[in-house]
Amino acid sequence: MTTRAAQTGRPAQTGPADQTTRAARSGSGRIPNVLTIAGTDPSGGAGIQADLKAFSANGAYGMSVVTALVAQTTTGVAEVREVPPEFVTAQLATLLDDVRVDAVKIGMLANAEVIRAVVAVLDRYAPPHVVLDPVMVAKSGHRLLADDAVAVLRDELLPRVDLITPNLPEAADLLGEPEITGSAGMAAQAERLADLGAKQVLLKGGHLRAEPASADLFRGDGEVRWLRSERIDTTNDHGTGCTLSAAIAALRPRRPDWASAVRDGKEYLTEALRAAERLDVGRGHGPVHHFHRWW
């Protein structure tokens, strides 16, 4: 089995910290352990709180490492306190030395130093099935990734993950080009993201409000396919990107390929959006209903 550390030219650590080997030994019958590396959301709709809900709803045991403390509600972000990179490393190393990790979802990383700390841990432990949701700007417009960190995320982290899930503004930011305004340009943009080193790309088209359906483009597993679903008319769409990427990470250890994990993750999010009106949380963009299958 080829580990990510081998792919990047760095020696993989052996023993308890060899996460790829340990995941293989775990067998498909075990409940997967899935880790989120992200910032917080006290309202529970996005960030680590949403990730843990999505993990649980999709049958995975959730774990978390905090990169930033975010004061936010459904109406916007008030303040961000970044976690020191050495403590991000400490959280990760302490966990990975003990627990088998079957998949990782990476969300808000805040700055270049934290990104490099995560990169170093990925190289050292080589966990399988890494999903990157490149969180850059909150729905309210508050920037969540420092401008000088975009290049570090693009050049150092992106090539080390298995799937990247940008929306159209994030894709434009990563590529340094204008945001596309129609689905016709999505395939070419996904190809350019792949040229940056992304192994699989899920380019989300939710910002194309003129389109009658919610159309995402998946490029990976040797194919390019459109994933279309009903566009749900709701203002309860806070944390949709976090929820989708977390659901995919939770599903991937028990799916044969990325395409099926992405497909099932999108179906889960669509139903969570459809059921979101049952919730009454906040005065702004409310959360999706992560546990719509149960209550």
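**The chain as a whole**

The model discussed here is predicted. Its protein chain contains 10 helices and 9 strands. Of the 295 residues in the chain, 57% are buried. Among the contacts in the chain with a separation of 6 or more, 69% are between residues 24 or more positions apart.

**Helices and their surroundings**

Helix α4 comprises residues 85-96, and helix α5 comprises residues 112-125. How do these two helices lie relative to each other? They pack at an angle of about 25 degrees, and their axes are 8 Å apart. Angles under 35 degrees count as roughly parallel, and α4 and α5 are therefore described in that way. The crossing of α4 past α5 is right-handed. On the α4 side, the residues that meet α5 are Pro85, Val88, Thr89, Leu92, Ala93 and Leu96. Their counterparts in α5 are Glu113, Val114, Ala117, Val118, Val121, Arg124 and Tyr125.

Which residues of α3 are buried? They are Gly47, Ile48, Ala50, Asp51, Ala54, Phe55 and Ala57. The elements that cover them include the strands β1, β2 and β4, together with the helices α9 (240-251) and α10 (258-274). After α3 comes Gly59, which has a positive phi near 80 degrees.

In helix α6, which spans residues 150-157, the residues Val150, Val152, Leu153 and Leu157 are buried. The buried residues of α6 pack against β4 (103-106), α5, β5 (130-132) and α7 (168-175). An α-helix has 3.6 residues a turn, so residues three or four places apart point the same way.

Val65 belongs to strand β2, which covers residues 61-73. Because its relative accessibility is 1%, Val65 counts as buried. Its contacts, apart from residues up to four places away in sequence, are Leu35, Thr36, Ile37, Ala38, Ile48, Val88, Gln91 and Leu92. Leu92 is 27 residues from Val65 along the chain, and the C-alpha atoms of the two are separated by 6.6 Å.

**Two alanines with positive phi**

Ala110 is found in the loop between β4 and α5, and Ala126 in the loop between α5 and β5. Ala110 has a phi near 75 degrees, which is a positive value in a residue other than glycine. For Ala126, phi is also positive, near 50 degrees. Are these residues buried or exposed? Ala110 counts as buried at 3% relative accessibility, and Ala126 is buried with a relative accessible area of 2%.

**Charged residues**

Side chains of opposite charge can pair when their charged atoms come close. The structure holds 15 salt bridges, and the table lists some of them.

| Salt bridge | N to O distance |
|---|---|
| Asp102 and Arg100 | 2.9 Å |
| Lys204 and Asp133 | 3.7 Å |
| Arg219 and Glu191 | 2.9 Å |

In the pair of Asp102 and Arg100, Asp102 counts as buried at 6% relative accessibility, and Arg100 counts as buried at 11%.

Lys204 and Asp133 form a salt bridge. This pair links distant parts of the chain, with Lys204 in strand β7 (residues 200-204) and Asp133 in the loop between β5 and α6, 71 residues apart. Both Lys204 and Asp133 are buried.

The salt bridge between Arg219 and Glu191 likewise links distant parts of the chain: Arg219 is in strand β8 (residues 213-220) and Glu191 in helix α8 (residues 186-195), 28 residues apart. Arg219 is partly exposed, with a relative accessible area of 22%. Glu191 is partly exposed as well, with a value of 34%.

A salt bridge requires the nitrogen and oxygen atoms to be within 4 Å. Asp41 lies in the loop between β1 (33-39) and α3 (47-57). Leaving aside neighbours within four places in sequence, the residues in contact with Asp41 are Ala46, Gly47, Gln49, Gln72 and His238.

How values were computed:
Residues are numbered from 1 along each chain as its sequence is written. This is a predicted model: local features need pLDDT of at least 70, side-chain atom pairs count only at pLDDT 80 or more; totals for chains, interfaces and linings use all residues. Side-chain values use heavy atoms; hydrogens and water are left out. Helices (H or I, at least four residues) and strands (E, at least two) are DSSP runs, numbered from the N terminus. Contact means heavy atoms within 4.5 Å. Axes are lines fitted to C-alpha atoms, for helices over the stretch in contact, and angles run from 0 to 180 degrees between N-to-C directions. Angles under 35 degrees count as roughly parallel, over 145 as roughly antiparallel, 65 to 115 as roughly perpendicular and the rest as oblique. A crossing is left-handed if the near helix is turned anticlockwise from the far one by less than a right angle, and right-handed if clockwise. Buried means under 20% relative accessible area, exposed over 50%, partly exposed in between (1.4 Å probe, protein chains only). A salt bridge is a side-chain nitrogen of Lys or Arg within 4 Å of a carboxyl oxygen of Asp or Glu.
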